[in-house]
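Hi,

Here is the structure I said I would pass on. Have a look first, and my notes follow below.

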Amino acid sequence: MSSLLFPFVKVNLKQISPLSVLRPWRSIFLKSLHPYLKSAELANLRLESTKEGSRYAAHKKKVAQKDSRRNERQPFSRSVFAAGTASRTAEFMRRKSGEDMVDQPVATSKGPSHAEVPDCPLTVTEWASLKQNSLRPHQFEVQMMKRMVAARSSIDIAKSLLTYVAVETGTLNYELLLKYLTLCVHGNYYSEVFDLYEIMKSHFKTLDPGAYSLFIKVFSTTDRWKESFTMLESLSKTMTPSPRNYGDVIAGALQHGDSTTAWALYDRLLEQGLSPNQDTWQALFKSSCSEHSHNERLRDILLFMRDNQLYPGEPLAQCISSWFESLPADNWTGSWTTAGPSGTCQCCGAALESIRLSEEEYGLLKDRVMRDVIMGRDVFTKTTPQELDRFRKFVESVPAFDVVLDGLNVANTFGKGKQSETLLAVATELEKQGLNILVLGRSHMRRHSHSWDRDHMTRVQQVAHCFFTDDISEDDPFLLYAALHSGNHCMFVSRDLMRDHKACLADGTTRRLFFKWQRGHQLVVHGYAPGRRIRFQRIQSYDTILQTDGASWHIPYDPQGQDRCSYEVPTTWLCLRRAGRPTRPTEAS
């Protein structure tokens, strides 16, 4: 015990020049240099700054002209499903609203709500005084240890707190020891972890999953790694260990040369229906760069990623590339690349898989959406039997649609102007392309008001078929019904990402098919100003999924530091090809 206690969606296409960011700082920089520069040198710098401003103005004018031409000829922009789009949109909206220009409030004192973490070990008397002055003395020790964990405090400070508690109470409770264990694990204090394991194992009948997980994490990286396997077995008697638990023991076995145990645990993980984490895959690929007795198993991992639409992060992608390049006789080469707009690899020129669903996939998806989303158990909370029957007869009485518009959603795309004017502009733009259009709306949209001009709505009905549901009905099921009923060619226009409807689907395979169909069929209005052409965000022609043709592998991956929402897909690829496969010229992106 002594060792324990003592020690951007591109919403507009104007490019922001780096000079526009740096110019204000140049002025500040010159002022800071003023006392150290001779007047002639300062004048010279000012002259250069003036010239720079002239060049910047000319550059800005040139970019504006270029963007004006681009706006005229490009009706599409980046896909709403491309990685980073959501974060860039949020950043753009913050800048547009001026939030980044508003001074943040100055932080005020936290007051006496809780005691600050000491910066050095305290005596028993000092800890007693600190506890006496706290607002919640009955929770003082555990809360203080939690704050030490957050602050990554020195182990000596934590030990001084444990000493105080032991002197005052004669015991150390489980919760406090668990928080202390967390601090030791995060700080890599392995000898303290080993001591604490012996103490907790001898004083408590059982350990909770949190304690087991922390002990497994540490023991698996040391010479005592086999004990982590025993801990995993103990944990398995009361609950299913997490993928992280399995991954730690697998990594420990591989680190110590026991690949048989590692693969046996990997098989057990899959048998229990768990999805391995990327650190586990990374350890398996990394360990196989020197010995290649499990090559088929590693290819199975790649196919598992494909079947479950999983994307490796950059560290795992690097390990995959290294493993391919280490294969004897095959002579693979890996390159980091992107896909061109037409769906070809920018490195080797290979055509990527189409985003279009096969007839079999489309038929399966259509049946499942009709059953689980449109005709689900709560169907008549979204509409009425009479309205649904009226809509079915309407859809069957007209030719198949080329595009279906969520009228209210489209009309609310932009905050300025009349909603009816926006809807009319979008419908007119699509009608110019010779498309058969359905506009789904609500009953109130036909009543003349400030937002809904009767003349606009009359013109909408002249360029498109229209169906208006009751104001209390949900229109998304109608949109999905019309689009899927019309055929695999039919697009739909909406900003709604349909996550609730995807969640209604019964199994993962159907949800992935729905997401693939959605990415290949959903148009999102990108930009609009009265009198100018409507632009839509681009629909990719290729599927962002791990794929192979035998002579090459193409693996979409997440670069480090890339923010990607669950409904977004990566835009960067790892291209792996055998020697002899040519590297082809890239296309303009």
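This is a predicted model: local features need pLDDT of at least 70, side-chain atom pairs count only at pLDDT 80 or more; totals for chains, interfaces and linings use all residues.

Before the strands come up, one convention: two strands pair if DSSP finds at least two bridges between them. Helices (H or I, at least four residues) and strands (E, at least two) are DSSP runs, numbered from the N terminus.

Residues are numbered from 1 along each chain as its sequence is written, and side-chain values use heavy atoms, with hydrogens and water left out.

**The parallel sheet**

Five strands form an open sheet in the order β5-β4-β3-β6-β7, with parallel pairing. Its edge strands are β5 (465-469) and β7 (522-523), each of which pairs on one side only. Going in from β5, strand β4 (residues 437-442) pairs with β5 in the parallel sense over five bridges, and Leu 438 stands opposite His 465 there.

Helix α19 (residues 385-396) packs on the sheet and touches β4 and β5, its direction making about 175° with that of β5. Helix α22 (residues 454-463) also lies across β4 and β5, but runs at about 125° to β5. For these angles, axes are lines fitted to C-alpha atoms, for helices over the stretch in contact, and angles run from 0 to 180 degrees between N-to-C directions.

Next comes β3. This strand pairs with β4 in the parallel sense over four bridges, with Val 404 opposite Leu 438 of β4. On β6, β3 has three bridges, again parallel, and Leu 405 has Val 493 as its bridge partner.

Which way do the residues of β3 (residues 403-406) point? Val 403 and Leu 405 point one way, Val 404 and Asp 406 the other, and all are buried. Buried means under 20% relative accessible area, exposed over 50%, and partly exposed in between (1.4 Å probe, protein chains only). In general, side chains in a regular strand alternate between the two faces of the sheet.

**A phenylalanine under α19**

Phe 391 lies in helix α19 and, at 0% relative accessibility, counts as buried. Leaving out residues up to four places away in sequence, Phe 391 touches Leu 438, Leu 440, Phe 467, Phe 478, Tyr 481 and Ala 482; contact here means heavy atoms within 4.5 Å. Phe 391 and Ala 482 are 91 residues apart in sequence but 9.0 Å apart in space, C-alpha to C-alpha.

**The antiparallel strands**

Strand β12 (residues 572-578) has six of its seven residues buried, so it is largely enclosed by the rest of the structure. Strand β2 (residues 332-337) pairs with β12 in the antiparallel sense over six bridges, and Gly 334 stands opposite Leu 576. Strand β11 (residues 552-557) is also joined to β12 by six bridges and runs antiparallel to it; in that pair His 554 faces Cys 575.

**A helix pair**

How do α12 (residues 243-255) and α13 (residues 259-271) cross? Their axes come within 7 Å and cross at roughly 165°. That makes α12 roughly antiparallel to α13 (under 35 degrees counts as roughly parallel, over 145 as roughly antiparallel, 65 to 115 as roughly perpendicular and the rest as oblique). The contact involves residues including Tyr 246, Ile 250 and Leu 254 of α12 and Leu 265, Tyr 266 and Leu 269 of α13. By class, the contact residues divide into 10 nonpolar, two polar and one charged. Here Ala, Val, Leu, Ile, Met, Phe, Trp, Tyr, Cys and Pro count as nonpolar, Asp, Glu, Lys and Arg as charged, and the others, Gly among them, as polar.

**Two backbone angles to look at**

Ala 329 has a positive phi of about 75° although it is not a glycine. Ala 329 sits in the loop between α16 (314-326) and β2 and counts as exposed, at 82% relative accessibility. Met 498 also has a positive phi, near 60°, and is a residue other than glycine. Met 498 lies in the loop between β6 (491-493) and α24 (499-504); at 1% relative accessibility, Met 498 counts as buried.

Cheers
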